[in-house]
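I opened this entry to keep track of what I looked up, one topic at a time.

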Amino acid sequence: MHRRARSTEDKTRRSEDLLAAAEALALELGGVRHLTLAPVTERAGLHRTGVRRYYASKEELLLELAERGWGRWRGAVKDEVGDRTDLGPAQVAEVLTETLVSLPVFCDLLTHVPLSLEGDVDIERARRYKTNSFAAYDEMASALAGAGSMTLPQIEGLLTTALSLAATFWQVSHPTPTLAALYEQEPRWAHVALDFAPKLRHLLEATAYGLARTAPA
């Protein structure tokens, strides 16, 4: 029993080491699109073939990282909301902006999850991701709707917008080396490489005010 418990603890610790290594390298390299398993396992202190004992593929590893991101975003939103009841549209938009900006790898993964990660794992792993991400979404929506003047449908519309904008804006604001060089040569195109946080904040606030005025209660 003791040996089995220690083995489980070791597996959990090594799994966490792999996730931490993947997140750190994604930040260093400019996005998860640049990640391969070899440097991740090396950073985590494992043999390059050892990762298969914890994750069946790079896609499964990154999907796990995305799932953790949902949990961290939910926790950050609920911490920001606390027991407040005075949040108007601008304040809700600010909470969503600040919490998303604090999770850059999660914002990056929001693009990759529907494009490839969900479809490249087995159905039970995809089910677990969907279950936990939807649960986090519902908890955030409920917390924000109970914290101010926006209704639940309005909050859900704003959350959906936040997810879409964060996924797109993160990619645009972190161009590949080729695009970065192109923007230096053609400055008139560089405006598309927008500053992530200000653009996200501006459009979420505008959307929040619009939803508060037009969306049904």
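**Salt bridges.** I searched the whole structure, a predicted model, and found 16 salt bridges. I picked one to look at. Arg68 pairs with Glu64, and their closest N and O atoms are 2.9 Å apart. Where do Arg68 and Glu64 sit relative to each other in helix H3? Both belong to H3, residues 58–81, and they are four residues apart, so about one helical turn separates them.

**Confidence.** I checked pLDDT next. The protein chain averages 92. At least 70 is reached by 96% of the residues. Which residues stay under 50? I found residues 1–5 there. For that stretch the model has zero contacts beyond four places in sequence. Where pLDDT is low, predicted coordinates should not be read in detail. I leave residues 1–5, with pLDDT under 50, out of my reading.

**Fold.** I counted the elements. The protein chain has nine helices and zero strands. Read from the N terminus, the order is α-α-α-α-α-α-α-α-α. I also took the extent along the principal axes: the C-alpha atoms fill a box of roughly 60 × 55 × 25 Å.

**H4 against H7.** I then turned to one helix pair. Two packed helices are described by the angle between their axes and the distance between the axes. I noted both for H4, residues 89–101, and H7, residues 152–172. Their axes come within 11 Å and cross at roughly 35°. Is the crossing of H4 and H7 left-handed or right-handed? It is right-handed.

I listed the contact residues last. H4 brings Val92, Ala93, Leu96 and Leu100. H7 meets them with Ile155, Leu158, Leu159, Ala162 and Ala166.

Notes: Residues numbered from 1 in each chain as written. Predicted model: local features only at pLDDT ≥ 70, side-chain atom pairs only at ≥ 80, totals over all residues. Heavy atoms only, no water. Axes fitted to C-alpha atoms, helices over the stretch in contact; angles between N-to-C directions. Helix = DSSP H or I, 4+ residues; strand = E, 2+ residues; numbered from the N terminus. Left-handed = near helix turned anticlockwise from the far one by under 90°. Contact = heavy atoms within 4.5 Å. pLDDT = per-residue confidence, 0-100. Salt bridge = Lys/Arg side-chain N within 4 Å of Asp/Glu carboxyl O.
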